[in-house]
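I opened my notebook to look around this structure one spot at a time. Here is what I looked up and jotted down.

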Amino acid sequence: MVARVVDLRSDTVTRPDRPMLEAMVAAEVGDDVLGDDPTVKELERRYAEIVGKEAALFTPSGTMGNQVAVAAWTSGGDEIILGREAHIIEYEYGAPGFLARVLTREVPVVEGAPDPDEVRKRYKSGEFHSSRTSLICLENTHNRLGGIVPNQGIFRALRAFADEHGVKIHLDGARLWNASVATGKPMAELASVGDSVMSCLSKGLGCPIGSILAGPGDFIKRAHRLRKICGGGMRQVGILAAAGLYAIEHNWRRMAEDHEKAQRIAKTLAATPWAGIDPADVHTNIVIPVLEGVASQRVVEGAAERGVRFFPFGEDKIRLVTHRDVSFDDVGYACDVLSRLRF
Ligand SMILES: Cc1ncc(COP(=O)(O)O)c(C=O)c1O
């Protein structure tokens, strides 16, 4: 038995606190499949306003938000372009092929963004003998690349390319909240690269369940239909929307603390003989050091023996994620444990 547990596996481990639960209990609800839930409508209105889009749609998960977006922007047989390491490719179980019947084309990534030269090479106009590229997917912050905020200049170049060729852009902004806090840029500015954007409520914002997708009104109508097809039409879901509204009000701006905690962990790791990381490369709440001379599983097990939990990330990396349910004191303890590990 370890005396203390510090869970750095993911920001999805956050649990609703008492004030959030009270907001959920107090929510005015109705049957959202019949369009009767005022709290869901308010959350959708609020998110659309924050990201500067016409309309929004609550979804049970980020995966469903991304996938209804992919299906709503494409037709079967189209191609979509993504950067390597994109969540939509790595962790969504082949859903673009399975649900939207599109082919995913992966291109190398530069500073968190698909390389525009490679996107240009991969693009297909849909003329005789070729399928049509209808969508580019971007990610901010970038999960597998260590929570970085991608280069916004490259994002703008991709936007210009998309406009030139009539291609749509979907932004997987599961952690766009963190990007906004880290850069000081409004969500609407960061989301403007995308025709659509999805953000999660269930990660650093601390909600138990839920994500939300925004875009033009006709796109959201198609996404609404597709959400129903996926079984995502829910009834008195205002209970969850109330958690989202509460979190946007109370848990968003404090993410700066999570970023500070990640910096402490990165600096501690940089000072060990077994992990390499430049704290300047840690932009938000995800820390992914490269290991030197030790396998990730050994590091994970060594830390877990002392109650500090995180995931291996392939053979030679580990991933640690800070969030509101680990205090600065917990992070101090975790840093102490990490700095004492020897292999
Ligand atoms: C970048 C990114 N996109 C999408 C998702 C999917 O969210 P969910 O787990 O709610 O399906 C995640 C979850 O970790 C993520 O990190």
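This is a predicted model: local features need pLDDT of at least 70, side-chain atom pairs count only at pLDDT 80 or more; totals for chains, interfaces and linings use all residues.

**Entry 1: Ala55**

Ala55 sits in strand β2, which covers residues 55-59.

**Entry 2: the cores**

Which residues have the most contacts inside the largest nonpolar core? I found Tyr47, Trp177 and Trp252, in a core of 48 residues. I then picked Tyr47 and again left out neighbours within four places in sequence. Tyr47 is in contact with Ala56, Trp177, Met187, Val197, Met198, Ser199, Ile212, Leu213 and Ala214.

**Entry 3: the ligand**

Next I went to the ligand and asked which residues come nearest. Of the 13 residues around the ligand, the answer is Gly62, Thr63, Asp172, Arg175 and Lys203. I looked up three of these in detail:

- The side chain of Thr63 has an N or O atom 2.6 Å from an oxygen atom of the ligand.
- Asp172 puts a polar side-chain atom 2.7 Å from a nitrogen atom of the ligand.
- For Lys203, an N or O atom of the side chain is 3.0 Å from an oxygen atom of the ligand.

How much of the ligand's accessible area does the protein cover? I noted 84% of the 390 Å² that the ligand has on its own. Helix α3, residues 62-73, gives the largest share of the shell, with three residues. Sorted by class, the shell has two nonpolar, six polar and five charged residues.

**Entry 4: Thr74**

I moved on to the loop between α3 and β3 (79-83), where Thr74 is found. Is Thr74 buried or exposed? I put it down as buried, because its relative accessible area is 11% and the cut-off for buried is under 20%. The side chain of Thr74 reaches the backbone oxygen of Val70 at 2.7 Å. Not counting residues up to four places away in sequence, Thr74 touches Ile80, Ala100, Val102, Ser134 and Leu135.

**Entry 5: Met234**

Met234 lies in another loop, the one between α10 (217-229) and α11 (238-250). I have Met234 as partly exposed, because its relative accessible area is 22%. Once I set aside neighbours within four places in sequence, Met234 is in contact with Asp32, Val33, Phe58 and Pro60. I also looked up Met234 and Lys41: they are 193 residues apart along the chain, and their C-alpha atoms are separated by 13 Å.

**Entry 6: Arg324**

My last stop was Arg324, in the loop between β16 (318-321) and α14 (328-340). Which side chain does the side chain of Arg324 make a polar contact with? I found Asp17, at 2.9 Å. Beyond residues up to four places away in sequence, Arg324 touches a list that includes Thr14, Arg15, Gly204, Leu205, Asn251, Arg254 and Asp258.

Notes:
Residues are numbered from 1 along each chain as its sequence is written. Side-chain values use heavy atoms; hydrogens and water are left out. A nonpolar core is a set of buried Ala, Val, Leu, Ile, Met, Phe, Trp, Tyr and Cys residues joined through side-chain atoms within 4.5 Å. Buried means under 20% relative accessible area, exposed over 50%, partly exposed in between (1.4 Å probe, protein chains only). Contact means heavy atoms within 4.5 Å. A residue is near a molecule or strand if one of its heavy atoms lies within 4 Å of it. A polar contact is a pair of N or O atoms within 3.5 Å; within protein, one must be able to donate a hydrogen and the other to accept it, and residues adjacent in sequence count only if both atoms are side-chain atoms. Accessible areas come from the Shrake-Rupley method with a 1.4 Å probe; for residues, only the protein chains shown count as cover. Helices (H or I, at least four residues) and strands (E, at least two) are DSSP runs, numbered from the N terminus. Ala, Val, Leu, Ile, Met, Phe, Trp, Tyr, Cys and Pro count as nonpolar, Asp, Glu, Lys and Arg as charged, and the others, Gly among them, as polar.
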